[in-house]
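Hello,

The structure we discussed is pasted below. My notes on the contact between the chains and on the aromatic pairs follow it.

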Amino acid sequence: MKKPPVNSENKEEYSDLASGIFALALSVGLFATTLSHTKTFSNSSIGPVTIPRAIAVVIFVLGLVLIVRWYVRRKKAGKTAVSAAAAEEDSRPQQTEQERKLAVFGKITAPVTFVLIALYLLLMRKIGFTLSSCLYITLQIPLLSADVSPKGFLKAFIIGAISSAVIYLLFAKVFQLYLPAAGWGF
Amino acid sequence: MLENIIMGFSQFSPLTYLLVFGGVFVGLIFGCVPGLSGTTAITIAIPMSLVLDPVSAFALFMGIFVGGCSGGCISAILLGIPGTPSNLSTTFDGYPLAKHGQPGKALGLAIFCSFLGTFVSIFALFLLAEPLSRVAIKLGPIELFSLIFFALSLVSVLAGGNLIKGWIVALLGVFLGMVGISQIDGATRLTMGIRKLSSGFSTTPALLGMFVVGSLISASVADKSAHGEHHLIDCRIKGLGFKLSEFASQIWNAIRSIAIGLGIGILPGIGGITSNLVAYSVAKTCSKTPEKFGTGVIDGVVAPECANNAAIGGAMIPLLALGIPGDGLTALLLGAFELHGLVAGPILFQKNAGFVYAIFAALALACLLTVIMEYVSLPLLVRTLKVPINILMPIIMVLVMVGCFSVNNRIFECWVFLIFALLTYLLKKFKFSTTPLILGFVLGADCETYLRRGLMLVNNDVSQFFKRPISCAFIILSVVCTVLLFHQDKHQKERLKAAESASEAEIGVDISDD
């Protein structure tokens with residue numbers, strides 16, 4: 001017995017709602033940034049924040065349109081399309097250990113990557129470009145490789161140490177570019 | 001025209017020739033490895049270029065640009081994974097052709113068609129860029145605003161994926177481009193009290209943030225396993241790899257695809273990525289045997305490779321003539337222009353004609369070097385496909401940080417990179433396309449300046465935007481294109497929905513038969 005295919009509109013259904021809410025939140029944030037600006041002596045009726053405010057308002061309206069569109073489509077589609085998607089999800093075969101591990105890494109890679117980059121930038125001023133780069137590579141490679149064993153970290157550390165040293169020598173010494181350095185000069 | 005090319009080459013030093021050669025080689029490697037691209041290579045080259053004169057720097061960038069666009073066909077054909085998004089359609093027939101025991105033919109055709117597409121597009125660039133710049137210099141702020149409005153409308157619909165979402169992202173980009181000091185009245189705005197933002201977000205770190213983090217995250221093993229295993233096919237090319245009679249049968253396909261690539265490349269904000277898909281679809285539609293597409297027909301290799309490389313020259317035309325980037329990579333080049341104290345646009349032809357012709361000369365040289373190097377160094381390029389990308393990408397991230405830092409010698413620019421990377425990631429998570437964001441950001445400040453200046457010129461009489469013929473034409477074109485493409489997209493979705501309902505009904509019959 002064949003299973004009914006998932007209607008492609010299901011996937012977009014909640015996407016429009018989420019996008020609309022995101023757009024509304026974004027527009028409020030953008031409008032808030034227009035509240036502080038330096039005064040000008042210009043006589044122009046269109047000031048420095050007129051266009052930015054207009055843009056924030058238009059984004060708000062477009063966000064509302066997305067939400068309204070979601071609501072109208074949901075009413076038309078009813079609940080049958082949603083239950084078809086749920087049925088398909090329930091029927092997926094069980095995952096192996098490796099697949100489960102990769103699924104976990106798949107979910108955490110993006111957020112952890114951003115945290116790693118933020119830490120990298122915070123440390124760059126404190127411990128210098130070379131050491132912070134070495135640390136960043138040491139932590140990033142195991143995350144991308146989904147290999148957090150001691151051997152994986154050691155391999156990443158060796159790659160990180162060599163590559164950050166080479167990059168520093170190439171850019172700071174050969175190309176004579178200024179790179180952030182700590183008290184020990186690199 | 002010949003004297004202009006000679007003028008261009010006269011700007012070259014021996015180092016410049018070496019840089020074009022090196023740029024092509026690096027571009028081929030970066031284009032070849034899935035997850036990297038010419039864009040990534042240029043981001044690494046940007047900090048290095050600060051020690052070079054502008055001619056040598058842009059010679060390097062042109063080498064990377066051409067090499068990067070051409071190299072992606074190698075992994076598309078031998079691995080079934082496009083080296084760059086511009087080579088996606090090449091995988092549809094290139095990989096099956098290689099699996100059927102003809103990798104040499106597939107690669108030979110792809111390399112030759114890449115050369116042909118690039119060559120014709122550079123010729124078009126020679127012919128069109130300067131006349132267009134002479135027209136552009138006569139445009140006033142009202143016409144320039146309307147032109148930017150047209151560019152944003154087009155990219156919002158074509159590359160935005162969805163009209164409303166495309167416009168949201170384009171407007172967000174324009175907003176971010178306006179951060180800092182207003183060009184009209186010198187007021188500092190939208191900085192949230194952060195003094196370092198008074199000069200706005202630096203173009204290069206912002207664009208790097210939009211481009212690079214996606215590649216970093218998709219380099220993860222977890223992401224790759226979600227996309228399935230691909231096996232590398234071994235390949236040696238004898239001669240050109242294909243018979244001339246085989247190519248002769250593809251002449252019309254090649255000409256049509258080059259025209260598509262050139263036309264799409266000229267349109268602001270969209271380039272090789274769209275052109276290869278459109279050219280493939282058109283080739284399939286025009287073919288006498290469309291059912292064979294996807295099984296390994298040479299038409300399916302010729303069309304996308306001609307088109308995506310033809311978009312190179314096409315994308316450079318609006319960049320040099322109007323200061324409007326033709327695609328994502330040329331948006332990055334816009335940032336490189338700023339770093340070297342140059343302003344892309346019609347004034348460039350007037351004040352730095354020698355520099356512009358040097359760019360043309362570099363492109364021509366890069367085109368020739370690329371085809372030779374692809375044939376000669378194919379075994380080396382194939383070996384680079386075995387490099388684990390999940391190890392390479394973090395090193396590339398460090399190089400990107402060097403690039404961001406060296407813009408203004410401050411870590412703040414690296415934070416700008418991170419902010420834009422996070423924003424791009426969130427937009428993709430919420431199913432927004434980011435191409436309109438790139439164009440909106442790059443053109444945002446100018447868009448507002450032209451609008452305000454235009455209104456000041458005509459005492460806030462908005463009707464002047466419709467009374468002036470060029471401005472009116474751009475606005476009407478924007479509306480017409482938006483409406484047409486919106487309806488086309490709506491009909492496509494309705495057809496898809498109808499097809500799904502039909503298959504559901506069929507399954508319903510099957511179930512009832514059980």
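A residue is called buried here at under 20% relative accessible area, exposed at over 50% and partly exposed in between (1.4 Å probe, protein chains only). By that rule B:Phe12 is buried, at 10% relative accessibility, and B:Phe9 is partly exposed, with a relative accessible area of 25%.

This is a predicted model, in which local features need pLDDT of at least 70 and side-chain atom pairs count only at pLDDT 80 or more, while totals for chains, interfaces and linings use all residues. Residues are numbered from 1 along each chain as its sequence is written, chains are lettered from A and ligands numbered from 1 in the order in which they are written, and side-chain values use heavy atoms, with hydrogens and water left out.

Aromatic pairs

Over all chains the structure holds 25 aromatic pairs. The rule takes rings of Phe, Tyr and Trp (its six-membered ring) with centres within 6.5 Å; planes under 30 degrees apart are stacked, over 60 edge-to-face and the rest tilted. B:Phe9 and B:Phe12 make an edge-to-face pair, because their ring centres are 5.3 Å apart and their planes are at 65°. B:Phe150 and B:Phe474 are tilted, at 5.8 Å centre to centre and 35° between the planes. B:Phe150 lies in helix α7 (residues 141-158) of chain B and B:Phe474 in helix α23 (residues 469-513) of chain B, so this pair ties together parts that are 324 residues apart in sequence. Helices here are DSSP runs (H or I, at least four residues), numbered from the N terminus. B:Phe150 is buried at 11% relative accessible area, and B:Phe474 is buried at 18%. One aromatic cluster is formed by B:Phe58, B:Phe61, B:Phe337 and B:Phe355.

Contact of chain A and chain B

Contact (heavy atoms within 4.5 Å) involves 71 residues of chain A and 69 residues of chain B. About 6200 Å² is buried between the two chains, 78% of it from carbon and sulfur atoms; this is the accessible area (1.4 Å probe) that two parts lose on being put together, summed over both.

How many salt bridges does the rule find across this interface? It finds one, taking a side-chain nitrogen of Lys or Arg within 4 Å of a carboxyl oxygen of Asp or Glu. B:Lys165 and A:Asp16 form a salt bridge, with their closest N and O atoms 3.8 Å apart. On the side of chain A that touches chain B, α1 (8-33), α2 (50-77), α4 (97-127), α5 (129-145) and α6 (150-174) of chain A each give two or more residues. α4(A) gives the most, with 14 residues.

Regards
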